[in-house]
Amino acid sequence: MPRMRTICLALAVAALSGCAHQQPIVSTEQLTVVQDSTAFPAPERRDLTAADRPSLIGPLDTIQIDVFNVPDLSREIQVDAGGQIAMPLIGTIDARGRTAQELAQTIEAALRGRYVRNPDVTVNIKSSVSQVVTIDGQVVEPGLYPVTNQLTLLRAIASAKGLSEFARQEDVVILRTVNGRKMAGLYNIDAIRRGAYADPAIYANDVVVVGDSPARRRFRDVVSLAPLLAAPLIAILQ
């Protein structure tokens with residue numbers, strides 16, 4: 001029995017030592033490490049804006065349509081579950097998968113000539129429930145989160161309040177459908193944090209799954225048992 005207690009305590013210490021070890025951040029082709037903090041440059045203006053990622057209209061989104069000088073056609077509309085909207089004079093229009101500008105051009109084309117001589121249409125997305133990412137697995141708050149123009153994997157996990165206690169950082173999967181084909185990308189959060197490779201962009205309808213670490217669970221169990229195993233030894237020493 002004393003031997004078993006000693007082994008368990010040794011395992012706990014070894015596990016703690018392994019968790020404490022962390023590789024230093026080094027420069028790579030994608031990352032420049034600045035050792036002197038006073039030489040860390042400020043971003044330029046173009047660095048402060050994300051690359052263009054169009055916001056698409058989807059089912060159940062709410063949009064505002066304004067037709068210049070035709071107030072009777074201007075209105076707030078919720079896209080139906082099939083991605084359709086209905087407008088006076090025009091009828092039903094498929095809005096799904098279009099940008100606000102593309103939908104405005106479609107409405108203008110439908111109004112031009114027959115109803116309005118030179119229609120000027122503006123469409124704005126007021127609220128979107130279709131542009132979301134699913135974050136599941138070992139994060140603090142799994143759920144559906146809105147996709148913004150600058151959303152990346154690290155930012156998505158931060159939106160879900162970070163990794164949970166039992167998260168396996170080297171086992172993160174992004175599930176995505178590309179041209180009708182389901183695909184999976186495998187990522188290592190710790191490697192991204194160290195700058196080993198770029199923080200990948202997250203798009204609408206992506207599913208992020210953070211894996212579970214059985215080793216972390218075993219470590220928790222060993223640590224929770226350590227005081228119980230050590231108590232008899234302390235009593236003997238006293």
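Biologist: Is Val140 buried, exposed or partly exposed?
Modeller: Partly exposed. Keep in mind that this is a predicted model. The relative accessible area of Val140 is 46%.

Biologist: Where is Val140 found?
Modeller: In the loop between S6 and strand S7, residues 143-146.

Biologist: Which residues is Val140 in contact with, leaving aside neighbours within four places in sequence?
Modeller: Ala160, Lys161, Gly162, Leu163 and Ser164.

Biologist: And how far is Val140 from Ala167?
Modeller: Their C-alpha atoms are separated by 9.6 Å. Along the chain, the two are 27 residues apart.

Biologist: Back to S6. Which strand do bridges join it to?
Modeller: S10, residues 207-212. Four bridges join the two, and they run parallel. S6 itself covers residues 132-137. Ile135 stands opposite Val208 in S10.

Biologist: What about S8 and S10, parallel or antiparallel?
Modeller: Antiparallel, with five bridges. S8 spans residues 167-178. There, Val173 stands opposite Val209 in S10.

Biologist: New topic. How many helices and strands are in the protein?
Modeller: Five helices and 10 strands.

Biologist: What share of the residues counts as buried?
Modeller: 29% of the 238 residues.

Biologist: And the accessible surface, what does it come to?
Modeller: About 15500 Å². Carbon and sulfur atoms hold 55% of that.

How values were computed:
Residues are numbered from 1 along each chain as its sequence is written. This is a predicted model: local features need pLDDT of at least 70, side-chain atom pairs count only at pLDDT 80 or more; totals for chains, interfaces and linings use all residues. Side-chain values use heavy atoms; hydrogens and water are left out. Buried means under 20% relative accessible area, exposed over 50%, partly exposed in between (1.4 Å probe, protein chains only). Accessible areas come from the Shrake-Rupley method with a 1.4 Å probe; for residues, only the protein chains shown count as cover. Two strands pair if DSSP finds at least two bridges between them. Contact means heavy atoms within 4.5 Å.
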